[in-house]
Amino acid sequence: DDYKKLKFNNKTQSYFNEMDSADRVARFEKLQLGEKLPVTVLTEECDPKEIYRRYLHANQPVLLKRFATTGWPARTDWINSDGSVNYGFLWRLCKDSRDLPVSQCNREECDSHPVIRMSASDYFGEYWSAISSSQFGEATAKHNQILYLKDWHFQLLYPDYHAYTVPDCFTSDWLNEYCLDQTDSDYRFVYLGPQHSWTPFHCDVFGSYSWSANIAGRKLWILLPPGQEKKLLCRNRLPWDLGECSSETLSSLSGIRLLQEPGDVLFVPSGWHHQVANLEACISINHNWFNACNARHCHDRLLMDLTDVLQSLSDVRDTPGFDEAAQSLLLAHSGLNIPKWFDLLSFIFRRRLNQWIGKAKDTKVVQNWLVAHDLVVASDLLNELISDSTNQVAACLPKDRCEGIQELLNLPLTFDALSAAKLLLVFLD
């Protein structure tokens, strides 16, 4: 086990610096941006349609206060009476797990925290037990590291335990809807970390949205709107820790500084770079996702990545199997490639079309205006892929699949459905 190689080993003292993570978080707390942008805070229930229009469609962050998580089992099961993390509940639930993905917050590897695999017994039984039974500094010094359980596919692993309900305004989720039906993975996570654990400066996968529901503890966020991150580029690289930037550089930035309390849900829009620190022991529920509002952003980003890949391979363009190799490289670089994106769009389009004509059942997207928006945007993006004039896309899509979708798009039934759907979208204008 990775963890067994690390714990109680004095030889690693020079390799790991426990105080480094604490120092970084302390420095992060003091950071000041040149212009502090406001963020909307909703303190009571709001029409999901308005949240969708004002924030998702406009690609603007919003903080939903505790009303958004009222009634969630996680808000009682995962918290002790004093508000601290009830790690024992999670330990009992996953006691047989031997593959928890744990980030080492006091190490850097390729501008990120390296991940080790730990058993539930080691992580909860030893590490969290030590943190909870003694002073924080003593516990982390004993284990010589700050360990952050991240990207834990909790809902996928324990589907019979319903810890939470996705807020209505976030229910149209193309990414997880496709993954849960067509793959064996998802992008629904639980994060659990002690005080001073943190997440480096980054932008979310695929250019997706994310929502983060804080169950216990307090998190400090700094978010930069799209374009601001370019001011941080050095030799074509972004910093992994904003605390490493000079005060002069930070003073040139406009962004949001936000304290997230227990029960709050934060919506992080596409393309907003951010860094997060746990000021206390924290546990949160996080989804990455995209839908009709930001699918265009994900689409354009993927095509730009494809252009970069093709340019990097231009000297071997005439090699047999080039297109397949380029798509493999794009998948490794971006997490998606054109065939997978085409499959996802086709899946969503077919499902929403069936919903529109009344043939689909057991779907979480029930509002007509959501179905309409999904249907229109998915059809537009599919048409673009099929009719690509550069031949960059057409070269990597099987002809029969393109023809099948094209036939479906050209049906009178589809035309009528799209025409009617567009009439429901005037609220987005």
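Start by selecting helix α8 (residues 174-182): this helix lies across β7 and β14, running at about 85° to β14. Angles here run from 0 to 180 degrees between N-to-C directions, with axes fitted to C-alpha atoms, for helices over the stretch in contact. Helices (H or I, at least four residues) and strands (E, at least two) are DSSP runs, numbered from the N terminus. You're looking at a predicted model, where local features need pLDDT of at least 70, side-chain atom pairs count only at pLDDT 80 or more, and totals for chains, interfaces and linings use all residues. Residues are numbered from 1 along each chain as its sequence is written, and side-chain values use heavy atoms, leaving out hydrogens and water.

Next, pick β7 (residues 188-193) and β14 (residues 282-289), which run antiparallel and are joined by six bridges. Click Arg188 and you'll find its bridge partner in β14, His287.

Now show the whole open sheet: nine strands in the order β2-β3-β12-β9-β14-β7-β6-β4-β5, with mixed pairing (strands pair if DSSP finds at least two bridges between them). At the edges sit β2 (40-42) and β5 (115-118), each pairing on one side only.

Last stop: α12 (residues 338-356) and α14 (residues 399-410), packed at about 30° with axes 12 Å apart. That makes α12 roughly parallel to α14 (the cut-off is under 35 degrees). Zoom in on the contact residues, including Phe342 and Phe349 of α12 and Ile405 and Leu408 of α14.

Conventions
Parallel < 35°, antiparallel > 145°, perpendicular 65-115°, else oblique. Contact = heavy atoms within 4.5 Å.
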